[in-house]
Number of protein chains: 2
Amino acid sequence: MQNPTSTPLRIVIIGGVAGGASAATRARRCNANAEITILEKGPAVSFANCGLPYHLGGEIEDREKLIVATPELFWDRFRIRVRTGHEVTKIDREAATVTGKNSTQEEFKVPYDRLILATGSEPIRPEFCNIQADNVFQLWTLDDMDRILAYMKKRPCKKATVIGGGFIGLEVVEQLQHRQISIALIEKLPQVLGPLDWEMAKLIELELEKQKVQLHLGATVESLLTSNQRVTAVKLTNGSSVTSDLVIVGAGVRPRTALAESAGLSLGEQGGVRINEFCQTDDPNIYAVGDMVEYHHGTLDRNLRVPLAGPANRAGRVAGTHAATGHAQPLGSVQGTAIVRVFGLAAGATGINERMCGQFDIDCRTATIQAPHHANYFPGARSLTIKLIYRATDGKVLGAQAVGAEGVDKRIDVIATLLNFHGTVYDLAQLDLAYAPPFGSAKDPIHMAAFAAQNDLEKAPALLPFNADLAGLQVVDVRNNAELAKLPLDGAIHIPVDELAERWQELDPTLPTVTVCHSGKRAHVAACWLNGKGFQQPVLNLNGGMSIRKLSTTLP
Amino acid sequence: MQNPTSTPLRIVIIGGVAGGASAATRARRCNANAEITILEKGPAVSFANCGLPYHLGGEIEDREKLIVATPELFWDRFRIRVRTGHEVTKIDREAATVTGKNSTQEEFKVPYDRLILATGSEPIRPEFCNIQADNVFQLWTLDDMDRILAYMKKRPCKKATVIGGGFIGLEVVEQLQHRQISIALIEKLPQVLGPLDWEMAKLIELELEKQKVQLHLGATVESLLTSNQRVTAVKLTNGSSVTSDLVIVGAGVRPRTALAESAGLSLGEQGGVRINEFCQTDDPNIYAVGDMVEYHHGTLDRNLRVPLAGPANRAGRVAGTHAATGHAQPLGSVQGTAIVRVFGLAAGATGINERMCGQFDIDCRTATIQAPHHANYFPGARSLTIKLIYRATDGKVLGAQAVGAEGVDKRIDVIATLLNFHGTVYDLAQLDLAYAPPFGSAKDPIHMAAFAAQNDLEKAPALLPFNADLAGLQVVDVRNNAELAKLPLDGAIHIPVDELAERWQELDPTLPTVTVCHSGKRAHVAACWLNGKGFQQPVLNLNGGMSIRKLSTTLP
């Protein structure tokens with residue numbers, strides 16, 4: 001209990017969304033007597049950024065729902081003073097004050113004992129945006145959203161182009177489609193959703209194509225063609241152009257660190273503010289949270305920027321506690337967990353992907369499985385694809401990606417939890433998960449993925465990368481005739497799995513051999529059988545089977 | 001690779017469902033040359049026990065879907081010999097043979113090198129069932145299910161009574177309701193769903209009542225009243241009777257251990273066969289898995305029977321591997337994770353409950369929260385109640401229960417995963433879970449539960465048990481007027497949370513005080529405020545608020 005008669009601690013928070021709002025309210029709950037002030041340069045605090053695309057598309061009908069808390073609520077409930085339209089331009093660490101100008105250009109100066117920076121990030125504005133045009137937008141604030149809606153009301157759009165196929169880009173694509181607008185998506189990478197490996201992203205690209213979204217992957221915008229101050233087409237460097245009467249640019253974000261930098265606070269390798277486990281910067285009286293900082297990534301054991309709402313809120317809570325009391329439970333590591341809904345599918349990821357393993361020189365292996373999201377015999381089972389990435393040396397789980405219509409979030413969250421404890425595929429295989437037919441399977445897709453990884457590590461059998469060159473291998477296709485007719489595999493020897501025990505001697509045991517089926521499950525049975533029958537080289541199982549292999553025909 | 005010319009290892013599995021079937025197929029995958037035989041006393045192997053209630057109710061329309069694998073498939077794909085109708089009556093460990101009689105009363109004798117027992121459990125048949133009646137059933141096998149369906153076809157039922165309010169009992173209740181049968185449920189405990197604490201079970205009981213299920217809790221059956229060899233009513237020891245034209249008894253299961261016992265294999269404290277981490281019994285050549293064994297319970301660090309499909313399948317895999325190869329990854333601990341759908345709600349649990357903490361003398365505390373299952377501002381958010389149980393001394397999570405329309409399975413699975421690593425509420429608060437508006441919240445209900453627990457442990461403020469006697473306390477009700485009108489709290493002082501900062505001095509700071517709101521969230525803000533304003537005794541927060549308190553009016 002604080003002594004109510006002592007001089008109140010002055011806590012100033014710069015930025016009143018997500019991390020800043022969490023820090024402020026938590027500071028109050030930990031300290032009833034502090035003077036707490038939020039300085040927010042925008043017109044609103046505590047709004048639901050993540051909801052913006054959904055109001056754009058009308059799925060969230062009521063704009064008011066996006067306002068989580070008003071300045072009045074902050075005052076009435078928490079005695080937190082919110083000053084909107086207050087942009088801080090300078091931190092004077094010696095005087096312990098912040099100064100700036102408000103929206104009516106009046107200067108202000110606010111003293112602090114503890115300062116919490118939550119200035120977030122801002123969308124990157126590519127050079128091609130530097131034109132006069134009424135129909136080019138970004139979507140980062142309520143104002144942005146309102147402007148887009150106002151424009152669409154004034155000028156009904158038929159063809160919109162979204163530039164950037166990241167999480168927000170895809171949400172915008174989905175939501176504009178709700179408004180019966182035909183959509184083109186331009187992404188400079190050869191895939192959507194960078195956090196996913198490309199074959200998993202491909203599953204989402206197929207869904208986008210199914211929904212008639214025109215995809216331009218590996219495509220760079222050269223310029224926006226305008227007429228009467230309106231963009232009419234997006235010209236690509238490959239010479240083609242995409243007609244558009246609305247352009248939304250989601251080209252990533254950059255941390256807003258100018259204020260922190262000018263105060264001499266140091267940044268990390270990725271350009272975010274460096275913080276410790278209590279969210280303190282170099283200056284122990286100054287904290288920073290949210291998109292502007294670098295968090296400790298648990299799997300990589302490095303600091304990374306993770307501009308997502310979850311870490312921001314949790315960091316805000318830690319900073320608020322520590323600023324208000326001088327102690328706090330330390331901030332945990334992030335795992336880079338993220339998820340997005342794209343029409344009928346969800347795509348989620350946690351930890352690191354295979355590409356990052358390459359970048360950071362981590363010796364990884366991967367296993368990809370398909371399994372129904374709940375008991376196959378129960379109505380409504382939907383196929384779920386899980387890719388598990390694990391260390392080759394000891395099976396430590398490094399990351400996972402999942403794509404499917406149902407149950408993606410659950411599997412990603414379970415694996416994110418396991419990552420928090422540095423668990424292995426052996427741990428994953430033994431998790432005691434909830435099972436009843438409407439909710440899962442006695443062997444959950446998570447277990448199936450872990451089993452596949454475990455078999456791979458124990459070479460019982462090992463998995464062959466789905467996009468491997470099959471030339472020179474004896475390829476044994478154990479699918480049934482109907483499957484073959486739908487999706488042939490040239491050059492393979494066809495023996496259905498249920499005939500293999502009878503017919504395996506038709507194969508040449510001296511050749512290097514790989515077994516193949518739809519998802520890798522029957523091929524596993526087949527490879528085990530052949531390995532046990534004296535084949536001279538270890539028989540391999542094609543990772544993920546034809547369901548993943550078929551994606552590689554468009555390998556970038 | 002095994003040498004295909006050596007004498008094949010003979011693996012015999014007794015029981016061909018769940019654990020037995022898993023063991024057999026895994027053994028084959030690990031050893032292509034073993035002779036593998038399943039001896040099953042029933043007419044079918046590898047059927048979906050857990051699906052039986054759902055075919056009874058018609059939700060799974062096609063009976064064939066319940067057959068996971070036929071004897072033909074076992075032979076064709078796995079070269080596993082399945083002998084149905086073969087009941088083993090004796091294990092001769094010295095001779096390493098099993099003997100018994102098949103369904104045509106012929107004796108058989110099968111030698112083994114490795115024996116895997118998977119004889120499962122059988123439903124307990126209470127004494128009152130020992131009558132001549134055509135309409136009293138249990139539901140444990142396909143035959144049981146077929147008999148019930150045949151009876152209902154012959155004699156359409158209007159009023160059914162289900163005896164036993166456990167997981168299967170509730171599934172049967174739900175499914176019979178699908179068939180427009182009016183249902184009475186009789187349970188001898190004062191609550192349904194024993195693994196839940198009673199206030200959480202109460203949420204399910206309210207759903208049952210909403211669905212017009214007639215509940216008889218704490219009710220013991222005295223006898224079944226019959227007429228013309230049919231039960232007409234169930235008579236209770238309290239004198240009342242329940243008219244019924246169909247009775248289904250789900251009074252729990254007991255492990256089938258007679259065979260193991262007669263072979264001199266030892267049992268554990270709970271009457272299940274004792275096994276090691278490779279599922280070996282006292283005899284290293286004899287394994288046991290599934291409902292008949294005791295597993296290591298990770299939270300309790302004791303051996304317990306857990307008659308569920310998940311552990312049976314995982315244990316089968318370990319036993320199959322070890323029997324076939326002599327080595328295996330050890331079996332993990334179970335956490336007692338379970339889930340059931342009951343009409344519009346799901347109820348799940350993992351770890352141990354508060355009642356068990358009492359039984360095992362574990363000093364626990366609990367926090368109960370309500371939160372929307374995904375972002376509140378996104379359409380379709382449904383309320384989720386989570387009860388977290390944790391050790392008072394260090395915050396180690398001991399268990400959790402969740403009830404809600406959506407997202408119960410996800411939260412239970414995340415906490416089950418955390419239990420596997422002996423995590424604390426501090427770990428739970430920092431998990432990096434997947435968030436996008438359709439899937440969760442930046443602060444997930446799991447985080448909210450962990451925050452509540454953390455606040456409780458740090459006495460910032462501590463939680464008062466929801467069913468505590470409020471007499472003698474200054475009760476501060478911070479709900480709004482509309483909430484009060486709907487559900488008054490007598491004797492409380494009413495100050496809405498948003499007026500407390502203005503009006504807190506109306507309260508007496510010398511009195512022991514508790515704050516109350518709907519779910520405990522606003523009351524937390526209020527208690528923090530008052531604690532900071534010099535109240536002489538720590539102000540408490542009523543755990544779970546009125547949403548849980550109101551359940552206690554029927555406290556047993």
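## Interface between the two chains

In this predicted model, the area buried between chain B and chain A is about 8100 Å², and carbon and sulfur atoms contribute 60% of that area. The contact involves 92 residues of chain B and 92 residues of chain A.

Polar and charged pairings also cross this interface. The rule finds 36 residue pairs in polar contact between chain B and chain A, with both residues at pLDDT 80 or more. Helix 10 (residues 408-420) of chain B supplies the largest share of the side of chain B that touches chain A, namely 9 residues. Sorted by class, the side of chain B that touches chain A consists of 46 nonpolar, 23 polar and 23 charged residues.

## Salt bridges that join the chains

Across the interface of chain B and chain A, 10 salt bridges are found by the rule. One of them pairs the side chains of A:Arg79 and B:Glu502, with an N to O distance of 2.5 Å.

A salt bridge also links A:Lys410 to B:Asp409, and the closest N and O atoms of this pair are 2.8 Å apart. Because A:Lys410 belongs to helix 10 (residues 408-420) of chain A and B:Asp409 to helix 10 of chain B, the pair joins two chains. A:Lys410 counts as buried because its relative accessibility is 2%, a value under the 20% cut-off. B:Asp409 is likewise buried, with a relative accessible area of 15%.

A further salt bridge brings together the side chains of A:Asp432 and B:Arg314 (2.8 Å, N to O). A:Asp432 is located in the loop between helix 11 (425-429) and helix 12 (445-457) of chain A, whereas B:Arg314 is located in helix 8 (residues 309-325) of chain B, so this pair joins two chains. A:Asp432 and B:Arg314 are both buried.

## Salt bridges within a chain

Over all chains, the count by this rule comes to 48 salt bridges. Within chain B, B:Arg411 forms a salt bridge with B:Asp444, the closest N and O atoms lying 2.8 Å apart. B:Arg411 counts as buried at 1% relative accessibility, and B:Asp444 counts as buried at 2%.

In chain A, A:Asp197, A:Glu199, A:Glu354 and A:Lys387 are joined into one network by salt bridges that share partners.

## The largest nonpolar core

In soluble globular proteins, nonpolar side chains tend to be buried together. Here the largest nonpolar core has 74 residues, and B:Val98 and B:Leu117 are those with the most contacts inside it.

Residues up to four places away in sequence being left out, B:Leu117 touches B:Ile14, B:Ile91, B:Ala260, B:Leu265, B:Ile286, B:Tyr287, B:Ala288, B:Val289 and B:Met292.

## The surroundings of B:Thr385

B:Thr385 is found in strand 24 (residues 383-391) of chain B. With a relative accessible area of 4%, B:Thr385 is buried. The side chain of B:Thr385 makes a polar contact of 3.2 Å with the side chain of B:Gln370.

Apart from neighbours within four places in sequence, the residues in contact with B:Thr385 are B:Met200, B:Leu203, B:Thr368, B:Ile369, B:Gln370, B:Gln401, B:Ala402, B:Val403 and B:Ile548.

Note on methods. Residues numbered from 1 in each chain as written. Chains lettered and ligands numbered in written order. Predicted model: local features only at pLDDT ≥ 70, side-chain atom pairs only at ≥ 80, totals over all residues. Heavy atoms only, no water. Contact = heavy atoms within 4.5 Å. Buried area = accessible area lost by both parts, 1.4 Å probe. Salt bridge = Lys/Arg side-chain N within 4 Å of Asp/Glu carboxyl O. Polar contact = N/O pair within 3.5 Å; in protein donor to acceptor, adjacent residues only side chain to side chain. Helix = DSSP H or I, 4+ residues; strand = E, 2+ residues; numbered from the N terminus. Nonpolar A, V, L, I, M, F, W, Y, C, P; charged D, E, K, R; others polar. Core = buried A, V, L, I, M, F, W, Y, C linked by side-chain atoms within 4.5 Å. Buried < 20%, exposed > 50% of the residue type's maximum accessible area, 1.4 Å probe, protein only.
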